[in-house]
Amino acid sequence: MSAKAITEATGKDILNRHLNQHGAGAANCRFATVNAETDWSKLSADQPWLLTTPLVVKPDQLIKRRGKLGLIGVKKNFEEVKQWIGERINKDQKIGNAVGKLRNFIIEPFIAHTEAEEMYVCIYSHRSADTILFYHQGGVDIGDVDAKAVKLEVKVDSTLSLADVKTTLLKAITDASKKERIAKFIYGLYATFADLYFTYLEINPLVVTADNLYILDLAAKLDSTADFICRPRWGEIVYPPPFGRDAYPEEAYIADLDAKSGASLKLTILNRNGRIWTMVAGGGASVIYSDTICDLGGASELANYGEYSGAPSEQQTYEYAKTILNLMTSSPKHPDGKVLITGGGIANFTNVAATFQGIITALREFQPKLVEHNVSIFVRRAGPNYQEGLRRMRDFGSTLGIPLHVFGPETHMTAICGMALGKRPIPQVASVEFSTANFLLPGGQQAQADLKEANEAAGLGAADESDGSATNNHQQGQSNGANSSFNRKFFSNTTKAIVWGMQQRAVQSMLDFDFICRRDEPSVVAMVYPFTGDHKQKYYWGHKEILIPVYKKMSDAIHKHKEVDVMVNFASLRSAYDSTLEVLEFPQIRTVAIIAEGIPENMTRKLIVEANKKGVAIIGPATVGGVKPGCFKIGNTGGMLDNILHSKLYRPGSVAYVSRSGGMSNELNNIISKATDGVIEGIAIGGDRYPGSTFMDHILRYQADPETKLLVLLGEVGGTEEYDVCAAIKDGRITKPLVAWCIGTCASMFTSEVQFGHAGSCANSDRETATAKNKALREAGAYVPDSFDTLGELIHHVYGELVKTGRIVPREEVPPPTVPMDYSWARELGLIRKPASFMTSICDERGQELIYAGMPISEVLNKDVGIGGVISLLWFQRCLPPYVCKFFEMCLMVTADHGPAVSGAHNTIVCARAGKDLVSSVVSGLLTIGDRFGGALDGSARQFSEAYDTNLHPMEFVNKMRKEGKLILGIGHRVKSINNPDVRVKIIKEFVLENFPQCPLLKYALEVEKITTNKKPNLILNVDGVIATAFVDMLRNSGSFTSEEAQEYINVGAINSLFVLGRSIGFIGHYMDQKRLKQGLYRHPWDDISYVIPEQYN
């Protein structure tokens, strides 16, 4: 929901900080908030006015008409307020049908005034304007304010003036000075309302005394989608639940997941002890499932409302499912057992198999508790990769130990509700439709052309040729009126579009649709993406690869593609407004589809005004788009190719529909294809409160289209647009048969307000309820089913009547066109297999959390394994003992640097002084590591290991190496000697001897050192030698490796890795040191070079 109610304290805090910046001249609202944790002595110390002022106290929990309900304490002292709250806090209170506990209170100073000084002010926003209501009498007895108050409408594209306020609103105020003060207040209040994205702001009463204006009682709503704009000015906002429904930590957890995800995750707990739990995919579908459960008598047992949609990841779905299952199995057992309804419509782009895998993981985790609570599970889903998802669910169900019934698109969407509640028999074997598509073989594109010619000859080709040039009736700067943009066909089989955003999957989906509709050319001719330079992207047209240009600037795309008249805007909620405004400046664009959800309402309303001025039609925001079978589709509409073929969207039918929900539009495609000859056009106008186009805009288009014979409307709770449809039926503007249903009938059965999945699906009056709208539509003459469950049957009945009367003549069905199968889709379905290009066994970044060798990164940090522990996980795929991790860290410390003179550091310094970057400089140093510098660890380990393993006495080993003329790697030092030992060696040696369970190779090397130092005192065991031999001892004797694994790590050069990693630290230090010292280009001095040039040229 975008318009969310805030507490009175939050509203007054915002007004305190911003209202008088607009010259309102109001007194600051003094208040204190109280809950069960409040320390009264600290509260009175922090706000001493509480002890010296008469007080007013009231609950602050979104309760209307508190005065009428006796929930206001007036003119009390501090102790009396404490007593008043104490008598009510955490006590049950019934308000209407809702029962809840009073937990939060607000205390304010009592303002002495007369009734004549009380006034009423309210501002609320709607589609085309903001309405200001004013009445010169306020207070609890104001009565029917809509009938009494004076109204002033401020159009979206206009501004408010003081003169408007005075002449329109304040006629009843005769005192000139008082009128001026009130006018300035209302002017400032409206400026604050608009500037801070309020959607509703009511003050009753506003007290106007001789010397000040006081806001006594306030109710407000904010547009929560404007958080990214207003948070610095709002502060941190906590939106309270409606009275009668407590805020649960699980709801907060899902809300947090939702905020961090591009998907949509919603959860409202209705009845913690309920028997019927739902886990539904899709905003519209989630409402319909709740409707059906309530229609079947399950309202009192319905435990939750929620949705997961927008392609959540497997991990996100797992977290969502786990939360539902935890709630379900932590509440008391039910004598009849519990049911979990895992439903959804036909997804447009969500990978059903991936989301189901997350659900299966959660079910497996909770399997014992599900058995204990006698849970039955009913699943119905379809969409991308649903066949694999349903297969996995069926296979898992056979091992779960509880009933798990699985259905696909062959079953009506809500049929599982009746099954779950025992109202409908459960089919023993579902009539599963296994067909996914007809696949195009190489060389089939010519066959496509032949089939197209044959169909056109039979009159079965794609309908709707272009209705004229892109600029017809659309001159730049000319205002054609609000409806001119809809007096035309939107799409034809020659429609060309630009896509804003790097949405490769959606673009390919549009091209595949074009291809199976047998279009001559792709509908997408260009893309706009301002974050890269101009380039081209590769896509498929059938089996052929084509290039589509991507432009950095919209103007370039428009000017180079004059045939374009549609833009599909995938910009984010932050960018959609500006990018749409930009495209409205180009007269050739006639239709814009805005996909993003969560665009602030003020921005959407401004876009609607600008589009109407320019004669441009807007579809969205918060939509999947629309489809014109045989011609054009927007983005991901219609889902994958198998669903497009299954729903016969490759050719036109006779039925046109309009829906708010994008997910439900796909379900309508399915229902209509089964009940009739198919869809001729379908539009999802979007779930926001103010969609760019309305139901009537599209229904009147369909009414004017002679090819459209039957209309379908899927409305919902909230708003009043359906009443415009009723009026049009009554006055004859709509004459074609209309089948209509408004979802959200369950809302009236809940004891507290529930915000459904779409921002606009919340009734603010009885007239906005789904039940009232269904009744009105039926009375106006529309065909209205008893429930969504029977919608398909009613559509089939009306269609049958039209066929009987000859108004529809069914065409002979064309064979489904062959289509190319996308590689990734084929792999998902298990139809092909391909060896992976890479294999990895140490790290997995695909889930919700990064995993190192099976250990989540959170556990890595929480267990404080250190860098040694990370090395053990990423290098050795296991958690090694703490002494090993400590050994690794010591090695890194002692090898980190050995001064600037060694070759690696020298190279790094020279590169840094030559102006090279960090990576280049460090790499130049690392490239010097080898047998002569640093890289002796592996060689040393091999030499000592071979000698020890062949039982050579240390003296025999030394003599053998001397005879072969080989140096003993790990023995010898330029500076250090037996008399001047290397402290680094001493520290590591002592640690290993003390902590390693066994260290035979190190002891062997120390025996070798005794022999070599007798010959020359500097032939000591050096850092390379002590690390190498200790490393081998660790591999062989820590108990963590087999002998084969230990030898393999020695052979692959793993031991040298410690030196490479450690010395990288030092090289980086030298690079930063040279940059910090601002050293210039290095040139080696001549006197340090011995020039040995031949005396004469030969």
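# Reading a predicted model, feature by feature

Colleague: Which residues of helix 1 are buried?

Modeller: The buried residues there are Glu8, Ala9, Thr10, Gly11, Lys12, Ile14, Leu15 and His18. Buried means under 20% relative accessible area, exposed means over 50%, and partly exposed lies in between, with a 1.4 Å probe and protein chains only. Helices are DSSP runs of H or I with at least four residues, strands are runs of E with at least two, and both are numbered from the N terminus. Helix 1 covers residues 8–18, and eight of its 11 residues are buried, so the rest of the structure largely encloses it.

Colleague: Before we go on, what are the ground rules?

Modeller: This is a predicted model, in which local features need pLDDT of at least 70 and side-chain atom pairs count only at pLDDT 80 or more, while totals for chains, interfaces and linings use all residues. Residues are numbered from 1 along each chain as its sequence is written, and side-chain values use heavy atoms, with hydrogens and water left out.

Colleague: How many helices and strands does the protein have?

Modeller: There are 38 helices and 35 strands. Of the 1098 residues, 54% count as buried. The C-alpha atoms fill a box of roughly 115 × 90 × 80 Å along the principal axes.

Colleague: Into which domains is the protein divided?

Modeller: Domain bounds come from an automatic or database domain assignment. Here they give domain 1 (3–234), domain 2 (249–426), domain 3 (527–618), domain 4 (623–821), domain 5 (840–869) and domain 6 (880–1077). The centres of domain 3 and domain 5, taken over C-alpha atoms, are 41 Å apart.

Colleague: Is Pro59 buried or exposed?

Modeller: Pro59 is buried, with a relative accessible area of 1%. This proline lies in strand 3 (residues 55–59). Among the residues Pro59 touches, beyond those up to four places away, are Arg66, Leu71, Trp84 and Phe105. Pro59 and Ile106 are 47 residues apart in sequence, with 6.2 Å between their C-alpha atoms.

Colleague: And where does Leu62 lie?

Modeller: Leu62 is in the loop between strand 3 and strand 4 (73–76). Its relative accessible area of 29% makes Leu62 partly exposed. Not counting residues up to four places away, Leu62 touches Ala5, Ile6, Thr7, Pro240, Pro241 and Pro242.

Colleague: How many aromatic pairs does a search of the whole structure find?

Modeller: A pair of aromatic rings is described by the distance of the centres and the angle of the planes. Rings of Phe, Tyr and Trp (its six-membered ring) pair if their centres lie within 6.5 Å; planes under 30 degrees apart count as stacked, over 60 as edge-to-face and the rest as tilted. The search finds 22 such pairs. The ring centres of Tyr190 and Phe193 are 6.2 Å apart and their planes are at 20 degrees, so this pair is stacked. Both residues belong to helix 6 (residues 176–195), where being three residues apart puts about one helical turn between Tyr190 and Phe193. Tyr190 and Phe193 are both buried.

Colleague: What should I check in the backbone?

Modeller: Most residues other than glycine have a negative phi, and most peptide bonds are trans. In this model a cis peptide bond joins Asn204 and Pro205, with omega about 5 degrees, and Pro205 lies in strand 11 (residues 198–208). Another cis bond joins Gly620 and Pro621, again with omega about 5 degrees. Lys648 is not a glycine, yet its phi is positive, near 60 degrees. Lys648 lies in the loop between helix 20 (641–646) and strand 29 (655–659), and is partly exposed at 23% relative accessible area.

Note on methods
Contact means heavy atoms within 4.5 Å.
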